[in-house]
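Reader: Before we begin, could you take me through this model step by step, giving the cut-offs behind each term?

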Amino acid sequence: MIPELGNFALIVALLVAATQGVVPMLGAALNQPRMMALARPAARMQFVLVATAFACLAWSFASNDFSVQNVAANSNSELPLHYRIAATWGSHEGSLLLWMLMLAGWSCAVSVFSRNLPGALAARVLSVMGLIGVGFLLFLLFTSNPFARLIPPAPEGRDLNPLLQDPGMVFHPPLLYMGYVGFSVAFAFALAALIGGRLDATWARWSRPWTTVAWAFLTAGIALGSGWAYYTLGWGGWWFWDPVENASFMPWLTGTALIHSLAVTEKRGAFRSWTVLLAILAFSLSLLGTFLVRSGVLTSVHAFATDPARGVFILVFLAIVIGGSLALFAWRAGAVGLGGSFALVSRESMLLANNIVLIVAMASVLLGTLYPLFLDALDLGKISVGPPYFDAVFYPLLAPAVFLMGVGPIARWNRAAVPELAARLKWALAVALVSALLLPFVLGRWSLLIAVGLFLALWLFATTAVNLWQRIKGSGRGSLLARLAANPASYYGMLLAHLGVGIFIVGVTLVKGYEIERDVRVDVGERIAVGAYEFTFLGVTPAPGPNYRALVGKVEVRRDGRLIETLFPEKRIYNASGQTMTIAAIDTAISGDRYVSLGEPVGGDGAITGAWGVRIYLKPFVDWIWLGAFVMAFGGFVAVSDRRYRLAVRRRLAALVGATAGE
Amino acid sequence: MMGSPAKTLRWSIPLAVFIVLVAFLWAGLGRDPHEVPSPLIGKPAPAFELALLHDASRRLAAGDLKGKVWLLNVWASWCVSCRVEHPLLLQLAKTNIVPVYGLDYKDKPEDARAWLAQHGDPYTASIIDSDGKVGIDYGVYGVPETFLIDKAGVVRYKQIGPLTIEALQQKILPLVRQLQQ
Amino acid sequence: MTGRRWVGACLFALAAVGGAAEPPSAALDARLKRLEAELRCLVCQNQTLADSNADLAGDLRREVRELALAGRTDDEIRDYLVARYGDFVLYDPPLKPTTWLLWFAPFTLLAGGGLLWWQVLSRRQRAASAAPPSDPVAEARARALLDDEPPP
């Protein structure tokens, strides 16, 4: 009964979404306020319906209803409750429903916080989001129904993929989808502005906080996925340039460009059509990612069951949504004026350069990801494009953009004087340059790549400090605290995000430069020296888990003869699926990780008490990678907590409460 | 609202790029990204000299087969999808159109013999590649795989995965007839 | 691909470590690890030869080690694998006419982007000098409305 209720809720949601997509749009065209007014209640109702469907699916998982195909294929009665609930979004169907829930949630949020928007604009924005919802609901209902029944019911479920039975995987998809789908708001604003023919600074002002929030979620989601890969895949990698990773990275790069471009459009009125294009691109790339992951056109680690029918559906949907919006862009964007003027050296010109680099970087990732497909489609052979390619192309492309990150926020809008900039930044440059040249000697080994990486990171730290110092100096008199408080939250958000990039670069540089990876065979009691540490392998013992059997190794870590940590790497065999999982044991410190994972027993499967193959890695400063990403995301959230948004939100909420009370 | 035609053209670049992209993605839907085509097509078949499955004292070399068109079928007793193509191989063997040699890949000879005794033996002769080295020379990355080799000892075709009636009728047999002339 | 035996082997378990009977040599191990990290496993196609747990990956690692011990260079080992499996095994795509676009496009695009940047800026310069000077009072008011950051 519950699954049928969910299914019914989805069908009604489709009808509501269709109404939301068509009527307000027509209303805006015909200038019919009553038709436009339908948008808000429809968006809210759609959210309630999709949330109901989602709850029904979660209920089916929680209550082990194996008569639902999706539950039978992705859960098991032995699975702990929290993973049963997380299994709701562990499958293709369920994750698509999660995507839909996010979309409905974002459009409901727009309906709440759009009181100050001109009626026609709000109606168009919500209409566009309704139309996207129609596409996804059709996709769900016709090719990927999460509530499809299994007759007769399965006696037991096939279990959730062990890789997904992990806290990181519980939160990674919701955060990532919040980001992906969040870009639909900026997309909808862009289309609404194009349709309405009004592309001005106010448009940018409205879509800016939405974009920043989506970007912050996406940043956190990607970081979580990368961290998960690091400790569960067992080989200590944190980014492999796999198509599924690239699929999330391309919207991120475009979203980053969009945030900066929106800032210029809002403050200076410039780059209008470029900003609109970026808003269209960011969401288009989110959709493209969905296609790449779920259609099976590329070989990817992602384990979604692929199905050509689904691929065809998403591609057609993609062609309509993206093709339609780009056609609209081609038709309307030419009419947009230039906006504010600025000089060759100015904050605008640097932000434009940053945008161009980010988009070139995104295009390179896209090219590298799809190139094997291009060649294959032209019958020119099969190739692989992997980390060596992306490393060779990506770092040189982005390094100049990172350098500009230090200059841009200090440069004046409109026109910056080069001598003045040089005077402000000379100390930052000197400090960063000298430390970057000397630090590698202290850390152990000098190489050009390490020096360049450290320089970029230190440059960001130093320029951020200069920026803050000059702000405080310029913020009038009064105590330090009062001067700090005089600056808006969006300013601190920007500083934090840039600081996060610096922290991230430190992590990447030092782990790439100084990591030590040893794959060794060790006997019980044997000591292995790796770097400054000594690892003692004390054998492997079996241990039961809730739904798996584990072999737990014991490894003592010593430094200068002193025991500093005992690590317990695991190998698990899951009861239901028989799949094996490696859980690395990691001793984390701010200066880096000591990472141990179990390979195979040397004597074959029976000989678990003998010698083992063990991977021992030292990963200096690796956690700075994720720390940096979370600081970036945090910066995004700080930026939207800005007073001017908060005030606006409070006003809109008050208006909403007043309106409902008056009804 | 319209801008000048030149401007509209410039703003159409993203759309044009996207249309090309969709065309490629559409083409990609019909292809299997996992399939790795063999670089050996048109090149001499790698040499081997291996013991026969049914008589370990005798050996068969690739050079012994010069002058005839033959199929090399890579199989193993542990391979599940080999059972799918097996009836087809038996049928093919009955027609005597082309001799099929079996390369028993990474297998125990006794298991392989028992498997053939149970399912039928379509092979003119079977050779044992117990450590998989010949398999590597032929670029085998999964079982079953089938190679078509011509009179001069050049690889002409490779079937990745189980043989199918379509592959046999539309590709392999026409090619065999052509090569036999 | 369904039913092909090796697909099932792509669990994310670790590859067997070590494996050869030769005396361990840290330098050779490091060299092979670097080399194998740039080679693609044909069975578990999202893993490198170094990381893959598939049977064939184990065989290929053994083969690569034997070739290295026989004194072959990294390039010769790569050629050996390419002759058997094609360019697909290389995660680092070789530079040839079919990959020119792949390798040169990013930097060509960057150069094009630089050109665009210059063009946009000079067009704005011209537009700015041609436009009548704006009303400073209105501009200040507009800025106050839009920009609540004090100028740096």
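Author: Two residues are taken to be in contact if their C-beta atoms, placed from the backbone, lie within 7 Å. This is a predicted model, in which local features need pLDDT of at least 70 and side-chain atom pairs count only at pLDDT 80 or more, whereas totals for chains, interfaces and linings use all residues. Residues are numbered from 1 along each chain as its sequence is written, and chains are lettered from A and ligands numbered from 1 in the order in which they are written.

Reader: Which element gives the most to the side of chain A that touches chain B?

Author: The contact takes 29 residues from chain A and 23 residues from chain B. Helices (H or I, at least four residues) and strands (E, at least two) are DSSP runs, numbered from the N terminus, and the elements of chain A that give two or more residues to this side are α11 (272-295), α12 (308-332) and α13. With 13 residues, the one that gives the most to the side of chain A that touches chain B is α12(A).

Reader: How many nonpolar, polar and charged residues has the side of chain A that touches chain B?

Author: Ala, Val, Leu, Ile, Met, Phe, Trp, Tyr, Cys and Pro count as nonpolar, Asp, Glu, Lys and Arg as charged, and the others, Gly among them, as polar. By these classes, the side of chain A that touches chain B has 20 nonpolar, six polar and three charged residues.

Reader: Which helix of chain C gives the most to the side that touches chain A?

Author: Here the contact takes 42 residues from chain C and 60 residues from chain A. By class, the side of chain C that touches chain A has 25 nonpolar, seven polar and ten charged residues. With 13 residues, the helix that gives the most to this side of chain C is α4 (residues 100-130).

Reader: What is the radius of gyration of chain A, and what does the globule rule give?

Author: Chain A has 20 helices and ten strands. The radius of gyration is taken over C-alpha atoms, and the globule rule is 2.2 Å times the number of residues to the power 0.38. Chain A is as compact as a globular protein of its length of 663 residues, because the rule gives 26 Å and the radius of gyration of chain A is close to that, at 27 Å.

Reader: What radius of gyration has chain B, and what would a compact globule of 181 residues have?

Author: Chain B comes to six helices and seven strands, and its C-alpha trace spans about 85 × 35 × 30 Å along the principal axes. A compact globule of 181 residues would have a radius of gyration near 16 Å, but for chain B the value is 22 Å.

Reader: What percentage of the residues counts as buried in chain A, and what percentage in chain B?

Author: A residue is buried if 20 or more other C-beta atoms lie within 10 Å of its own, exposed if 12 or fewer, and partly exposed in between, with C-beta atoms placed from the backbone. Of the 663 residues of chain A, the buried part comes to 59%, while of the 181 residues of chain B it comes to 38%.

Reader: How do the axes of α10(A) and α13(A) cross, and at roughly what angle?

Author: Axes are lines fitted to C-alpha atoms, for helices over the stretch in contact, and angles run from 0 to 180 degrees between N-to-C directions; those under 35 degrees count as roughly parallel, over 145 as roughly antiparallel, 65 to 115 as roughly perpendicular and the rest as oblique. The axes of α10 (residues 243-268) and α13 (residues 347-377) of chain A come within 9 Å and cross at roughly 160°. Therefore α10(A) is roughly antiparallel to α13(A), and the residues of their contact divide into 13 nonpolar, eight polar and two charged.

Reader: Is Phe271(A) buried or exposed?

Author: Phe271(A) has a positive phi of about 60° although it is not a glycine, and its place is in the loop between α10 and α11 of chain A. Because there are 26 C-beta neighbours inside 10 Å, Phe271(A) counts as buried.
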